[in-house]
Amino acid sequence: MQECAYCKKIFDTLLELFYHEEDEHEIIISQTCDVCCVEFHSRSSCLRHRQHKHETKKLASFLNNRSQSTESHSRKVAHVEVQKFLEVLGESFDNSIFLKQFRTSGSYSTDRNVFHADEFDFDVPLKISLEELQLNREGSRVYYHFHQKQKTLKLNIPMKVCSTRAWFNVPQGYVEIKTTNGDVVVPRSIQEKLYQHLLSVKEKLNVIDSPAVDVSSEAKGPALTFTIKQRSLPKISVDLCPSITIKQITFADYNWPREETKKVLPEQLIKTVNEAGLHLIPGDLKFWYISVSRAGEALINGIDSSDKECRRKCHKILKIDFKTWLRRSENNLPGMSTMIFEHQLFWMNEEKQLDWSQSKMADRYLDMLEDLAERLRSGILYNYFMDYENILQDKDQQMLNRVANHAEARRQELIAMG
């Protein structure tokens, strides 16, 4: 029996309830099929589709269909718009500190986007050779700060770097960069320069095609966001992150691979991860963060050695489920990143002797949801490559508990499905 939340009438089925809400209360809520990710303008249409197109309730079949979900028909349009944007941005880099090379990163780089092709991540390399760099690692003394009259982090208000007699240490996991002539390469200043390039791109695009474009004056973590709005299609969000490739620091400095790692990862895959290496991205105003994202991309791409293994599929299904949790959340789960799911998968693969063959995908996905809920509630999940860093340390525990509740509820729902 289903009760209407608006008038308390009782209905025999969920479909009847949805029809009632749409007809009597004009409650129209768009919804995406959680099997094939087709979008519908109403919940009743989506439910009818599920009943007719996905009759099976066998969990293995359901998850296998779900893992095939991909981006929508807007993919080609989005790629055309993004490539046009990158071309104009590259033209603005003449005689600047940035290279005209854009390296794909995040889900876009590993073909793990789900639903719309509306989010693109790129690294923007700096024109700095390794010979020109001096890295001062954690513990090094720093003698500068920012002089700012206004307490703001907006990129359209430049912040001046000033020397000071007082000193403090570079924190663990970060570095200070100086050139051979002693100039400090400050992340905040680099972000301000990239922001000015984005403003020039916005002006040129508006002159050429008059699209609705926007540049955020606030850095989204280490990245800057450029938004392209499309008629009748989802807006496109392009995140650009300044980056510096380094060779002076390697995974060996952090005792990776561990002996346990060598037992579960093939030697060639470990070599590929090491070759992907580390790079630097803006970590805060003063220091550069040592990022393992390229190593994570290399590992997630190679973690399944044959079509019969299902770790990548389980990871993708979790990302799709997370999209649903975001839509159900009132505050959009701030600070929660799907990067967390990567590290969770890597640790599960290393710590637990599990059968990841395709035939065991249903069992493994239930295990993944249970493991995720436990780690989130504990507030502890270490960086897989640098196990001194708890990547949940600065996350709001109440938010982590909410995601854990979503994961446990999803697990129970799938168990009931059979």
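This is a predicted model: local features need pLDDT of at least 70, side-chain atom pairs count only at pLDDT 80 or more; totals for chains, interfaces and linings use all residues.
Cysteine 314 illustrates the point, for the cysteine sulfur nearest to its own, that of cysteine 310, is 4.2 Å away, and cysteine 314 is in no disulfide.

## The protein as a whole

The protein has 418 residues, and buried residues make up 47% of them. Its secondary structure consists of 13 helices and 15 strands.

## The nonpolar cores

The largest nonpolar core holds 92 residues, of which Phe85, Met336 and Phe385 touch the most other members. Helix H12, made of residues 361-378, gives this core its largest share, nine residues. Apart from this core lies another, of seven residues, which includes Tyr144, Phe146, Met159 and Val170.

The surroundings of phenylalanine 85 can be set out one by one. With neighbours within four places in sequence left aside, phenylalanine 85 is in contact with Leu198, Val201 and Leu205, with Phe226 and Ile228, and with Val238 and Leu240.

Just after H8 comes glycine 277, which takes a positive phi of about 70 degrees.

## Glutamate 350 and arginine 258

Glutamate 350 lies in helix H11, which is formed by residues 339-351. Its relative accessibility is 7%, and because buried means under 20%, glutamate 350 counts as buried. The side chain of glutamate 350 makes a polar contact of 3.1 Å with the side chain of arginine 258, and another, of 2.9 Å, with the side chain of threonine 261. Leaving aside neighbours within four places in sequence, the residues in contact with glutamate 350 are Arg258, Glu260, Thr261, Val264 and Tyr384.

The partner in the 3.1 Å contact, arginine 258, lies in the loop between strand S13, residues 233-245, and H7. With a relative accessibility of 11%, arginine 258 counts as buried. If residues up to four places away in sequence are not counted, arginine 258 touches Trp347, Glu350, Tyr384 and Asp387.

## Aromatic pairs

Across the whole structure, a search finds 16 aromatic pairs. In one of them, the rings of phenylalanine 322 and phenylalanine 341 have their centres 5.3 Å apart and their planes at 80 degrees, so the pair is edge-to-face. This pair links distant parts of the chain, since phenylalanine 322 is in helix H10, residues 311-328, whereas phenylalanine 341 is in helix H11, 19 residues apart. Both phenylalanine 322 and phenylalanine 341 are buried.

Ring pairs also build a cluster, in which Phe251, Trp256, Phe346, Trp347, Tyr384 and Phe385 are linked. Two members of this cluster, Trp347 and Tyr384, are also touched by arginine 258, and Tyr384 is in contact with glutamate 350.

## Leucine 199

Leucine 199 lies in helix H6, which covers residues 187-208. At 32% relative accessibility, leucine 199 counts as partly exposed. In sequence, leucine 199 and serine 217 are 18 residues apart, while in space the distance from C-alpha to C-alpha is 9.7 Å.

Key
Residues are numbered from 1 along each chain as its sequence is written. Side-chain values use heavy atoms; hydrogens and water are left out. A disulfide is a pair of cysteine sulfur atoms within 2.5 Å. Helices (H or I, at least four residues) and strands (E, at least two) are DSSP runs, numbered from the N terminus. Buried means under 20% relative accessible area, exposed over 50%, partly exposed in between (1.4 Å probe, protein chains only). A polar contact is a pair of N or O atoms within 3.5 Å; within protein, one must be able to donate a hydrogen and the other to accept it, and residues adjacent in sequence count only if both atoms are side-chain atoms. Contact means heavy atoms within 4.5 Å. A nonpolar core is a set of buried Ala, Val, Leu, Ile, Met, Phe, Trp, Tyr and Cys residues joined through side-chain atoms within 4.5 Å. Rings of Phe, Tyr and Trp (its six-membered ring) pair if their centres lie within 6.5 Å; planes under 30 degrees apart count as stacked, over 60 as edge-to-face and the rest as tilted.
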